[in-house]
Structure formats: C-alpha cells, structure tokens
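Reader: Could you walk me through a few labels on this protein and tell me what backs each one up?

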Amino acid sequence: MILDRYFENAWAILGLKLGAILVLFLVAPIVVGYAEHKVLAHMQARLGPMEAGRFHGWAQLVADGVKFIQKEDIVPRAADRFVFTIAPVLVVVPVIMIFLVIPFGPGGWWGENMDLGLFYVMAISTVGVIGVLAAGWASANKFSLIGALRAAAQLIAYELPLVLAAAAVAMQAGSLSLVGIVEAQDHYWFVLPQIAGFALFVLASLAELSRPPFDMPVADSEIIFGHMTEYTGIKMAMFLLAEYAGVVALSGVATVMYLGGWHGFLVGWIPGPVWTFAKIGALAFFIIWLRATYPRMREDQLQKMAWKYMIPVALANILLTGVFKVVF
C-alpha cells in the first residue's frame with residue numbers, strides 16, 4: 001500500500017483515503033458536468049456553454065452552481081418535511097460508497113479491497129432508488145410519485161441483466177474482488193470474450209441512472225420532472241450531483257470489469273491510474289453522446305427490452321462463460 005510507507009496509524013490512513021474519495025466525489029461530477037455542457041453544446045449548437053467564459057464555456061457551469069445556491073429552499077405544504085429533506089441524502093450516499101471499492105491503480109489506489117467487492121457494488125447501487133421513492137412519495141405530487149414508480153420499475157427490470165452480466169465476469173475472473181478482477185485481465189481485457197456482457201452492463205447502468213434514452217422517470221414532456229419536480233436549490237443540486245457521480249462510478253466499475261482497469265499499453269511510460277481515468281472519461285463521453293443522439297424510449301419499450309431481450313442474452317452469456325471456463 002502506498003500510504004502504508006508513510007503512515008503507521010491505521011486511522012490516519014483511513015482518514016486520508018476517505019478524504020481523497022470525498023474530493024474525487026466532488027470534483028469528478030463537476031468535470032463530467034462541464035464535459036456534458038460542452039459536448040451537448042457542440043452537438044446541438046447551444047451558444048451558452050460553447051461561448052460563456054471567454055470561448056471555453058466554463059462560466060456556464062459556474063452560473064448553474066450559483067443559481068442552485070441562491071435559489072429558495074421550498075417545501076410543499078402537504079409534503080412530509082422530514083422524508084422530503086432526507087431523500088436527496090439517500091440518493092447521494094450510495095454513490096459515495098461505490099467509490100470506496102473502485103481500484104484506480106495498482107499498489108493501493110483504492111479505498112478498500114473487499115473480497116466481495118463486486119457483490120457490494122451491485123447491492124449498494126440499488127439503495128439509491130429508496131431515495132427516489134421517498135422523494136416521489138414525500139412531495140405530495142402525483143407526477144413526482146409516477147416518476148418514482150417508474151424509477152422503481154426500471155430498477156426491478158434492469159437489475160437482473162446488470163447482476164447477470166456481473167456474474168459472468170466473476171465466473172471468468174474467479175473472484176468477486178474488484179482488484180482481483182483487474183489482475184485477472186493481465187493478458188487480455190474481458191471486453192473481448194464478454195462483449196455481450198459489456199453492452200448489457202452499460203445499458204442496464206444507464207437505466208439505473210435514468211440517463212437518456214432511459215430517462216422516463218424524469219420525462220419533462222410527460223410528468224414535468226418526475227421525483228425532482230418539487231425540489232429546488234441545494235436539494236435539487238444533490239440529485240444532479242448523484243446523477244453525474246453515478247456516471248463516474250458506474251463507468252469506473254465497467255472499466256474495472258471489462259476494460260482492464262489500470263492495464264494498458266506503454267505501461268512503463270503511462271501510470272496505471274492515468275489509464276483508469278482515461279477509460280472512465282471515454283465511457284462518460286459515450287454516455288453523454290447517447291443523450292444527444294437517441295430519443296427517450298416509451299415505458300413499454302423499456303420493459304420489453306429488458307425482459308424479452310436483455311435477460312435471455314445475459315443468461316446465454318453466463319452459459320457460454322461457464323462452457324468457456326470448463327473447456328479452456
């Protein structure tokens with residue numbers, strides 16, 4: 001471990017790791033948010049994010065931050081005030097906890113190396129929907145409740161292909177530790193034999209994050225803004241922070257599972273963490289690209305895609321992985 005060379009106190013090491021993870025959690029979503037501003041601006045000819053701030057667009061992000069800070073914190077009269085207030089926290093905290101187990105490089109570039117790290121990620125990623133349901137129910141708004149129920153339906157439908165895709169990776173690596181999965185890709189990345197699983201994992205992750213084209217829970221043309229309709233100010237910003245942090249977290253998990261983690265070319269010249277963050281950035285760009293390219297699906301199309309196509313493909317992928325492990 002890198003920190004073990006300089007600190008002997010376990011609590012000091014833990015504190016430094018938690019501090020580093022918190023900084024990453026706060027900085028990475030801002031970078032992804034700025035990238036989304038810029039990418040969408042160029043793809044859709046939006047002048048503000050392209051020009052604000054002396055032709056770099058950075059001032060647009062600052063303006064959005066100031067807007068959230070100065071907005072009045074409004075709680076609907078009929079809302080359950082306690083649940084309404086705690087819901088954004090329930091959405092943000094699970095994302096922070098995912099960052100704890102993502103290995104960004106060799107030699108201790110992770111918060112904690114759990115033997116059941118992959119199982120932990122799959123379990124903790126589902127907790128955020130509790131915050132979404134709480135927000136929808138506590139808002140005393142029928143559109144918010146509809147959005148929350150849509151989010152729960154997406155979770156039920158897409159958690160199965162997500163977990164099945166992850167199970168195939170665990171079978172091939174022979175480990176549930178995220179560090180162990182990266183180390184098992186020393187000779188080849190799992191995206192090569194697991195290309196179907198990789199596609200399933202990315203699509204299911206998008207559905208869990210309610211990112212386009214799976215953003216039915218916040219469909220502004222149908223239900224205003226779903227579970228976030230009644231939220232303003234910092235609380236609204238927390239929901240958006242959780243979304244962008246979730247993009248980084250699940251891109252990191254996909255990088256670890258399929259793209260070799262810190263393994264790359266020119267290893268002696270380019271440090272492992274640089275490879276990890278480069279791959280995360282590439283996946284984040286792909287997610288932003290999808291938002292600008294594909295229209296929103298209907299709710300029936302979303303359920304049909306999961307139950308009739310993705311789950312059978314995920315089961316077939318597990319079968320092929322098992323045959324591959326036994327034969328080779």
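Predicted model: local features only at pLDDT ≥ 70, side-chain atom pairs only at ≥ 80, totals over all residues.

Reader: Why is Gly252 called buried?

Author: Buried means under 20% relative accessible area (1.4 Å probe, protein chains only). Gly252 has 0%, so it is buried.

Reader: What does Gly252 touch, leaving out residues up to four places away in sequence?

Author: Ile102 and Ile280. Contact here means heavy atoms within 4.5 Å. Gly252 sits in helix α11; helices are DSSP runs (H or I, at least four residues), numbered from the N terminus.

Reader: How do you know that Lys279 has no salt bridge?

Author: A salt bridge needs a side-chain nitrogen of Lys or Arg within 4 Å of a carboxyl oxygen of Asp or Glu. For buried Lys279, the nearest side chain of opposite charge, Asp186, is 11 Å away, so there's no salt bridge.

Reader: What does the side chain of Lys279 reach, then?

Author: The backbone oxygen of Leu259, at 2.5 Å. Lys279 lies in helix α12 (residues 272-293). Beyond its neighbours within four places in sequence, Lys279 also contacts other residues, including Trp189, Thr255 and His263.

How values were computed: Residues numbered from 1 in each chain as written. Heavy atoms only, no water. Helix = DSSP H or I, 4+ residues; strand = E, 2+ residues; numbered from the N terminus. Buried < 20%, exposed > 50% of the residue type's maximum accessible area, 1.4 Å probe, protein only. Lys, Arg positive; Asp, Glu negative; His and termini not counted. Polar contact = N/O pair within 3.5 Å; in protein donor to acceptor, adjacent residues only side chain to side chain.
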